[in-house]
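Have a look at the model first.

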Amino acid sequence: MSRPVVLASNRGPVSFTVGDGGELQTTRGGGGLITVVGRALSGTDALWIAAALSDGDRAAAERGVIEAEGYRVHTIVVDDLASYYDVISNSTLWFLHHGLFDAARRPRFDRAWRAAWESYRRVNETYARALALDAPEGAAVLVQDYHLSLVPGALRALRPDLRVVHFHHTPFGGPDALRMLPTDVATELLSGLAAATACGFHDQRWASAFEASCRELIEVTPTTFVSPAGADAEDIRSVAASPACASRLESLDERVGDRKLIVRVDRIELSKNIARGFLAYDDLLREHPEWRERVVFGAFVYPSREGLAEYLAYRQEVEGLIARINEEWATPGWTPILYDARDDFPRSVAALRRYDVLLVNPVRDGLNLVAKEGPMVNERDGVLALSRESGVAGELGRVALELNPFDVAGTADVLHRALSMDAGERARHAAAVRERAEARTPDDWFADQLAAAET
Ligand code: F6P
């Protein structure tokens with residue numbers, strides 16, 4: 001059966017600005033969610049509901065449904081964005097699901113946090129009301145991510161005719177993590193999600209963690225499904241073929257010369273484990289002097305969530321570490337780490353074309369699209385060094401060089417092994433990784449969401 005589709009997410013596919021003459025201007029949004037969902041929804045009748053995150057988005061909200069950049073978008077104004085987004089979504093739920101809390105100090109669920117939870121609940125209710133008004137009879141409503149955990153429960157009460165699918169693009173914390181939350185909050189969170197027709201995850205580990213949390217904490221058996229997202233090969237290859245990417249590659253080539261290149265492409269994000277990646281490289285240079293001056297580590301990262309103190313502190317820590325390592329090992333003609341923290345997608349794709357080793361070492365990750373995008377555009381039979389804690393390890397782990405993201409010495413050994421592979425081994429490795437990376441498309445993921453709506 002083909003149902004009308006409405007999608008809800010925190011960040012929308014388009015961001016709005018108000019021009020000098022008061023007219024609305026649009027820019028296509030970035031981020032992993034758009035990569036996964038964008039192609040399937042673009043040019044269709046599907047409606048996309050997202051939070052108004054800027055003044056331009058708030059101006060757009062007054063105009064109802066807007067057709068922009070191939071999408072039908074309705075931005076909604078939410079109450080107390082900082083509490084909902086910064087305090088609960090990013091400082092609490094993101095940390096909980098990625099196992100990032102430093103339990104000796106955080107979390108602290110004080111009265112101010114309680115007030116923020118009320119805001120989170122109100123924003124979720126605002127979404128549910130907007131969806132209840134906008135969704136056609138019997139529609140499939142696809143709710144994305146941890147920002148909107150309470151929407152399925154709230155929407156079910158308003159519109160029992162809808163099929164509500166919830167999908168986490170993050171990992172999911174198991175019962176021990178959920179037990180950190182105040183009991184009533186954990187119950188509300190899990191019950192809100194479990195009210196969905198089905199809850200989806202990129203990897204079986206996260207689905208099982210959610211099921212176990214529901215069983216142990218609320219004695220409910222939810223319906224789940226597993227659907228790893230596919231990267232958009234056509235899109236990334238068209239960026240790779242663009243003049244902008246060619247000029248970035250040229251300047252990268254000038255800097256790297258004929259040395260080997262280790263690359264990472266990430267948001268500056270705690271879960272990405274950027275610091276341990278550099279510590280492993282430091283260890284590699286110490287343990288294997290033969291690599292000194294023969295390898296460069298290119299870190300092509302971009303700022304994220306800079307409203308949060310933890311993210312700013314993490315960035316400082318990473319930059320301090322880079323300075324220390326460069327100071328220790330640099331020689332007159334060689335800088336061991338190239339660090340570029342500009343938000344420049346063609347630059348990141350140029351680095352993916354050029355890598356000899358792609359380091360993807362998150363402490364935990366819902367999926368990790370870079371691990372799929374890199375092999376799609378790489379031109380040097382590059383080696384994928386992949387964290388076993390990333391969701392994508394379920395698909396690529398058997399062919400990639402797997403690493404334990406906490407094991408700095410072990411990661412250095414994996415980098416050494418990757419750099420030491422001969423041409424034949426690299427070619428076989430790269431072909432196997434590419435085949436697996438391309439096995440699923442964004443359309444496959446979208447079809448799974450629609451199928452889950454029928455469960
Ligand atoms: O689930 C992870 C996610 O929401 C991705 O879709 C996105 O790439 C990332 O987090 C960015 O988050 P934010 O919208 O907070 O910048």
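## Overall build

Buried residues make up 58% of the 455 residues in the chain; buried means under 20% relative accessible area, exposed over 50% and partly exposed in between, with a 1.4 Å probe and protein chains only. This is a predicted model, where local features need pLDDT of at least 70, side-chain atom pairs count only at pLDDT 80 or more, and totals for chains, interfaces and linings use all residues. Residues are numbered from 1 along each chain as its sequence is written, and side-chain values use heavy atoms, leaving out hydrogens and water.

For 455 residues, a compact globule would have a radius of gyration near 23 Å, and the chain agrees at 22 Å (taken over C-alpha atoms; the rule is 2.2 Å times the number of residues to the power 0.38). The C-alpha atoms fill a box of roughly 65 × 50 × 45 Å along the principal axes.

The chain has 18 helices and 16 strands, which are DSSP runs numbered from the N terminus (helices H or I, at least four residues; strands E, at least two). Take S14, residues 357–360: Val357 and Leu359 on one side are buried, and so are Leu358 and Val360 on the other.

S14 pairs in the parallel sense with S11 (residues 260–267) over two bridges, where pairing takes at least two DSSP bridges. Here Val263 stands opposite Leu358. S14 also pairs with S15 (residues 383–387), again parallel, over four bridges, with Val360 opposite Leu386.
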